[in-house]
Amino acid sequence: MATIELKNIEKSFGSNKVINKFNIKINHGEFIVLVGPSGCGKSTLLRMISGLESVDEGEIHLDKKLINNLIPSKRGIAMVFQSYALYPHMNVYENMSFGLKNEKIDKNEIDKKVKDAAKTLQIENLLERKPRQLSGGQRQRVAIGRAITRNPKLFLFDEPLSNLDAALRSEMRVEISKLHKKLGTNIIYVTHDQVEAMTLADKIVILNEGLIEQYGSPDQIYNNPNNIFVAEFIGSPKMNILKIGKDKITNQNIINIFNNKIKFDNYKFSDDIFMGIRPEHIKTDDSSDVKVDIKVDIIENLGFEKIIYTTLNGKEFRIKTSNNVNKDHSKISFSKKKYLFF
Ligand SMILES: Nc1ncnc2c1ncn2[C@@H]1O[C@H](COP(=O)(O)OP(=O)(O)OP(=O)(O)O)[C@@H](O)[C@H]1O
Ligand SMILES: [Mg+2]
């Protein structure tokens with residue numbers, strides 16, 4: 001277990017500033033998930049922490065030690081890539097022991113480390129096989145196994161499961177969670193997958209154009225998003241955002257929303273507001289504050305629940321429900337102030 005601190009990290013490629021004054025503090029044993037749109041700098045950050053990429057400005061501390069100028073193999077950090085990066089001509093055992101051999105570690109010790117890691121990942125029976133004789137999920141286990149044998153203070157995972165099919169991905173997700181519980185080692189994990197972010201993380205970092213939009217627990221991010229960007233980024237289907245123009249403010253604390261005069265006791269409105277409504281928080285009856293009759297555009301049936309698509313204010317609006325809904329029209333209602341953005 002370790003503490004990691006990044007202080008005022010900056011990175012540009014030519015004139016393209018990718019990371020701008022990035023600051024974060026990670027506590028002992030924490031599992032951090034990094035999410036953000038493609039190109040926002042996630043891989044660049046991991047590569048700087050691992051030492052594969054230099055930093056322009058700022059400091060990286062591991063266990064309060066400045067590591068900016070340490071070569072990758074001396075940092076005590078192991079990285080697992082999306083592409084696995086296994087050596088095709090070596091068998092699993094050789095792939096997992098290669099790094100240790102290079103560090104001139106005793107043969108018996110290497111053997112123990114490889115076998116322990118193989119046992120943890122349940123790949124003991126695959127040690128003689130070459131990567132081409134393995135499934136995607138097995139290859140990913142080998143790549144993780146290779147990282148474990150290094151006994152690192154910190155694991156970096158860059159979209160490790162994105163090449164796997166849905167079933168294998170959820171299986172491996174649970175395996176990674178168990179692994180973290182067992183080893184207790186800090187993990188920084190990049191993903192585009194909502195479910196991975198919510199289920200694996202102690203804390204989620206939402207990155208946008210090299211800046212942190214929010215850093216907090218999955219519950220904080222889901223329940224109290226800092227802004228519309230974060231609100232729309234986490235949650236599936238994504239949060240509906242309704243713009244309520246200031247012409248709808250009939251009185252400083254009363255707003256006319258779809259012909260419902262809704263009173264807000266603790267607010268004074270003067271300008272346009274944005275109301276966020278998660279699809280899963282909408283009722284398909286009229287028991288909540290804001291009531292609307294909608295025309296149903298499409299229903300996606302997912303078996304245990306349905307996603308209903310409609311159009312409100314000229315924009316797509318999504319409702320998630322396990323109730324049966326008429327295929328043409330429905331009553332819906334939602335709470336007035338779960339998420340308000342100004
Ligand atoms: N070696 C490089 N030279 C020049 N530009 C680079 C280099 N590496 C990355 N970039 C640029 O830096 C930005 C951030 O790239 P990065 O790979 O960190 O994004 P990412 O958040 O990991 O995206 P993705 O989700 O698509 O993997 C991009 O605009 C990318 O084009
Ligand atoms: Mg990337």
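1. Helix H5, which covers residues 166-183, has 18 residues that at 1.5 Å a residue should span 26 Å, and its end C-alpha atoms are 26 Å apart, which agrees. The expected span is 1.5 Å times one less than the number of residues, and helices (H or I, at least four residues) and strands (E, at least two) are DSSP runs numbered from the N terminus. Gly 184, which follows H5, has a positive phi, near 70°.

2. On the basis of the note, this is a predicted model, in which local features need pLDDT of at least 70 and side-chain atom pairs count only at pLDDT 80 or more, while totals for chains, interfaces and linings use all residues. Residues are numbered from 1 along each chain as its sequence is written, and chains are lettered from A and ligands numbered from 1 in the order in which they are written.

3. The secondary structure of the chain comes to 8 helices and 21 strands, and the C-alpha atoms fill a box of roughly 75 × 45 × 35 Å along the principal axes. Of the 342 residues in the chain, 31% are buried; a residue is buried if 20 or more other C-beta atoms lie within 10 Å of its own, exposed if 12 or fewer, and partly exposed in between, with C-beta atoms placed from the backbone. Among contacts between residues at least 6 apart in sequence, 66% join residues at least 24 apart, where contact requires that the two C-beta atoms, placed from the backbone, lie within 7 Å.

4. The domain assignment gives domain 1 (4-233) and domain 2 (240-341), with bounds that come from an automatic or database domain assignment. The contact between them takes 5 residues from domain 1 and 5 residues from domain 2, and on the side of domain 1 that touches domain 2 the residues divide into 3 nonpolar, 1 polar and 1 charged. The centres of domain 1 and domain 2, taken over C-alpha atoms, are separated by 39 Å.

5. The largest nonpolar core has 71 residues, and those with the most contacts inside it are Ile 32, Val 33, Leu 34, Leu 156, Ile 188 and Tyr 189. Both domain 1 and domain 2 give residues to this core, so it lies between them. Such a core is a set of buried Ala, Val, Leu, Ile, Met, Phe, Trp, Tyr and Cys residues joined through C-beta atoms within 7 Å. Leaving aside neighbours within four places in sequence, Leu 34 is in contact with Lys 42, Leu 45, Ile 188, Tyr 189, Val 190, Val 205 and Leu 207.

6. Around ligand 1 are Phe 13, Asn 16, Val 18, Gly 36, Ser 38, Gly 39, Cys 40, Gly 41, Lys 42, Ser 43 and Thr 44, a residue being near a molecule if its C-beta atom, placed from the backbone, lies within 6 Å of it. Strand E2 (16-26) and helix H1 (42-50) each supply at least two residues of this shell, and the largest share, 3 residues, comes from H1. By class the shell has 3 nonpolar, 7 polar and 1 charged residues, where Ala, Val, Leu, Ile, Met, Phe, Trp, Tyr, Cys and Pro count as nonpolar, Asp, Glu, Lys and Arg as charged, and the others, Gly among them, as polar.

7. In helix H4, 11 of the 14 residues are buried, so it is largely enclosed by the rest of the structure. The cover over the buried residues of H4 includes strand E6 (77-80), helix H2 (92-102), H3, strand E7 (154-158) and H5. The 14 residues of H4 should span 20 Å at 1.5 Å a residue, and its end C-alpha atoms are 20 Å apart, which agrees. Just after H4, Asn 151 takes a positive phi of about 50°.

8. Some backbone values deserve a look in the viewer. Asn 8, in strand E1 (residues 4-13), has a positive phi near 50° although it is a residue other than glycine, and it is exposed, with 12 other C-beta atoms within 10 Å. Gln 122, in the loop between helix H3 (107-120) and helix H4 (136-149), likewise has a positive phi, about 55°, and is not a glycine; with 11 C-beta neighbours inside 10 Å, Gln 122 counts as exposed. A cis peptide bond with omega about -5° joins Ser 236 and Pro 237, and Pro 237 is placed in the loop between helix H8 (228-233) and strand E11 (240-244).
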